[in-house]
Every structure is written in C-alpha cells, then in structure tokens.
Amino acid sequence: MFEKFSQSWSLVKASASVLRSDKELLIFPLLSAISCIIVAATFFVPAMFAGMFSGMDREHMNPVFYLFMFAFYVVQYFVIIFFNSALIGAAMIRLNGGDPTVADGFRIAMSKLPTILGYAVIAATVGVILRALQERAGFIGRFVIGLIGLAWTVASFLVVPVLVSQDIGPIDAVKRSAELLKKTWGQNLIGNTGIGLVFGLLFFGLVIVGGGLIVLAVSGGVLAITITAIVAVVIALLLLILIQAALQGVYAAALYRYATEGDAGQGFDKAMVAEAFKVKA
C-alpha cells in the first residue's frame with residue numbers, strides 16, 4: 001500500500017514538472033473560475049431579486065427550482081468542461097513532446113463543443129438527480145447518495161481526456177472512462193487524494209500564517225499594511241487553487257495516456273510509470 005502511494009505520488013511530482021514547463025496552463029483554470037463566477041451571478045442574482053428562494057421548503061421543493069438548477073448546472077458544467085478540455089488538450093501536446101500554446105488548448109476545446117455540451121447535459125442531469133434525492137433523504141440516505149456521487153466523480157475522472165483524444169460521443173466517453181477506471185483506479189484515487197491532501201495542508205498553513213499576519217497588521221493600526229496583507233493572502237489562496245486545478249488536469253492527461261498507450265509521455269520516467277500503472281488482471 002505504501003509502495004503504491006509512493007509510486008502514485010511520484011506521478012504527481014512528474015505532473016508538477018510538466019506544469020512548471022508550461023506555466024501558461026494556469027490560464028485555463030483562471031478563466032474557468034472567472035467564467036463560473038459570471039455564470040453564477042447571471043443565474044442567482046436575478047433569481048434572488050425575483051424571490052425564487054424565499055419560503056423554500058426542503059420537503060416540498062418547487063419543480064421550477066429543479067428546472068432552474070438544471071439550467072444552471074448545464075451552463076456551469078459546460079464552462080468547466082470547456083476550459084478543462086483546453087487544459088488537458090494542451091497538456092497532451094506537451095506529453096507528446098510538443099510545445100503547446102494557449103491557442104492550441106482553445107482550438108482543441110472549440111473542436112469538441114457539441115460533445116462538451118452533451119457531456120454537460122449528462123453531468124447536469126446526474127447532479128440534479130443526486131441533489132433532489134439528498135433533499136428528500138435522511139442522514140443515512142444522504143451519506144449513501146454522497147458515496148454514489150463520489151463513485152460518479154471517480155468513474156468520470158477520465159471523461160475529458162477521452163473527449164479530447166477520441167472522436168466519440170459523450171455517452172461513449174463516460175463508458176470509456178469507466179472502462180479505463182478498471183486499469184487506473186488505484187492511481188486515480190491515490191493521485192487525486194495526494195494532490196488534495198498536499199494542497200489542503202498548504203491552504204491550512206496559508207490561512208494560519210496569513211490570518212496571523214492580518215491580525216498583526218490590524219493591531220498595528222496601519223490601514224495600508226492591513227489591506228496589503230489581506231490582498232496578499234487572497235492572491236496566494238487563488239494561486240494555490242489555480243495550481244491545484246492545473247495539476248489535476250495534467251495528471252488526468254498522463255493517467256489517460258498511459259492507460260491507452262502504455263506511456264505517460266514526456267517528463268515521466270518510463271520504469272517508474274510502468275510499475276505504478278500495472279494493469280489489473
């Protein structure tokens with residue numbers, strides 16, 4: 001188990017080296033975050049002014065609310081998947097030995113628009129159904145539904161690399177991702193858990209240190225220093241979020257590439273990768 005974790009973490013570090021070679025990959029999660037904020041504001045601000053959320057009862061949820069959430073999920077998922085496709089498409093070029101540009105990533109994502117929209121509809125449907133079930137379930141039911149949601153997340157982890165690399169529809173992409181999970185489930189879980197754990201610790205440390213600096217600045221009574229400290233902490237948090245998102249995209253690209261081609265690509269030690277990605281019998 002510890003050996004498997006060590007091997008998977010080596011793959012994460014190799015993914016980080018790829019990201020260091022192509023720092024422009026950070027542009028995709030940045031634009032994705034900005035776009036998601038705009039989409040959320042576009043949906044929820046008018047809805048709140050219209051009183052859609054006033055007097056809502058979990059036991060008797062208005063069907064209009066679910067239609068609203070479905071539309072929101074479709075648009076939000078479309079934005080996320082589009083920029084993730086651009087990120088993974090550019091990462092694939094690097095893993096194949098090329099030197100990708102931001103334009104290359106957008107070109108790849110634009111060529112997959114119908115498939116991205118189709119997958120966004122599928123993901124939105126799953127999201128709305130799980131949300132509706134959770135709203136009506138008790139504690140144990142919500143726990144079980146949460147596990148189902150986690151299983152969906154794991155099984156669909158390689159959908160975007162599949163969409164980027166193959167000329168197939170969204171349903172077939174989901175099926176193909178689930179098939180590849182049989183080969184890569186260990187690296188999928190351990191790699192993403194490792195990334196989440198490391199960045200979780202970094203977030204925690206930054207909040208503690210940054211919070212302390214802000215308290216010191218406030219106690220000093222100098223407004224300019226206080227504002228500077230707050231801005232610095234916020235920027236550092238945003239940068240960590242962007243790096244984590246980009247790193248997960250590179251890792252997904254490498255994971256997919258090895259599962260389908262037997263080679264994770266440029267920047268990955270072949271012997272280490274072959275050991276880490278031993279195919280399940």
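Analyst: S156 is buried, at a relative accessible area of 10%, which falls below the 20% limit that defines a buried residue. The model in which this value was computed is a predicted one. S156 sits in the loop that links α6, residues 139–155, to α7, residues 159–165. When residues up to four places away in sequence are set aside, S156 touches Y119 and S177.

With neighbours within four places in sequence left out, A173 is in contact with V159, V162, L163 and I168. A173 and P161 lie twelve residues apart along the chain, and 9.0 Å separates their C-alpha atoms.

The surrounding fold can be described next. The protein chain holds ten helices and zero strands, so that its elements, read from the N terminus, run α-α-α-α-α-α-α-α-α-α. Of its 281 residues, 42% are buried, while the chain as a whole exposes about 14700 Å², of which carbon and sulfur atoms supply 72%. Among contacts between residues at least 6 apart in sequence, 76% join residues at least 24 apart.

From α2, the contact is made by F28, L31, S32, S35, C36, V39, A40, F43, F44 and A47. From α3, their partners are F68, M69, A71, F72, V75, Q76, V79, I80, F83, A86, L87 and A90. Sorted by class, the residues of this contact comprise 19 nonpolar, three polar and no charged.

The meeting of α2 with α4 has another geometry: their axes come within 10 Å and cross at roughly 55°, which makes α2 oblique to α4. Here I27, F28 and L31 of α2 face V102, G105 and F106 of α4, and the contact has five nonpolar, one polar and no charged residues.

Within α2 itself, F28, P29, S32, S35, C36, V39, F43 and A47 are buried. The buried residues of this helix pack against α3, against α4 (102–110) and against α9 (223–261). F28, for its part, takes part in the contact with α3 and also in the contact with α4.

At 1.5 Å a residue, the 23 residues of α2 should span 33 Å, and because its end C-alpha atoms are 33 Å apart, the two values agree. For α9, which has 39 residues, the reach from first C-alpha to last is 57 Å, close to the 57 Å expected at 1.5 Å a residue.

Technical notes
Residues numbered from 1 in each chain as written. Predicted model: local features only at pLDDT ≥ 70, side-chain atom pairs only at ≥ 80, totals over all residues. Heavy atoms only, no water. Helix = DSSP H or I, 4+ residues; strand = E, 2+ residues; numbered from the N terminus. Buried < 20%, exposed > 50% of the residue type's maximum accessible area, 1.4 Å probe, protein only. Contact = heavy atoms within 4.5 Å. Areas by Shrake-Rupley, 256 points an atom, 1.4 Å probe, with all protein chains shown as cover. Nonpolar A, V, L, I, M, F, W, Y, C, P; charged D, E, K, R; others polar. Expected span 1.5 Å × (residues − 1). Axes fitted to C-alpha atoms, helices over the stretch in contact; angles between N-to-C directions. Parallel < 35°, antiparallel > 145°, perpendicular 65-115°, else oblique.
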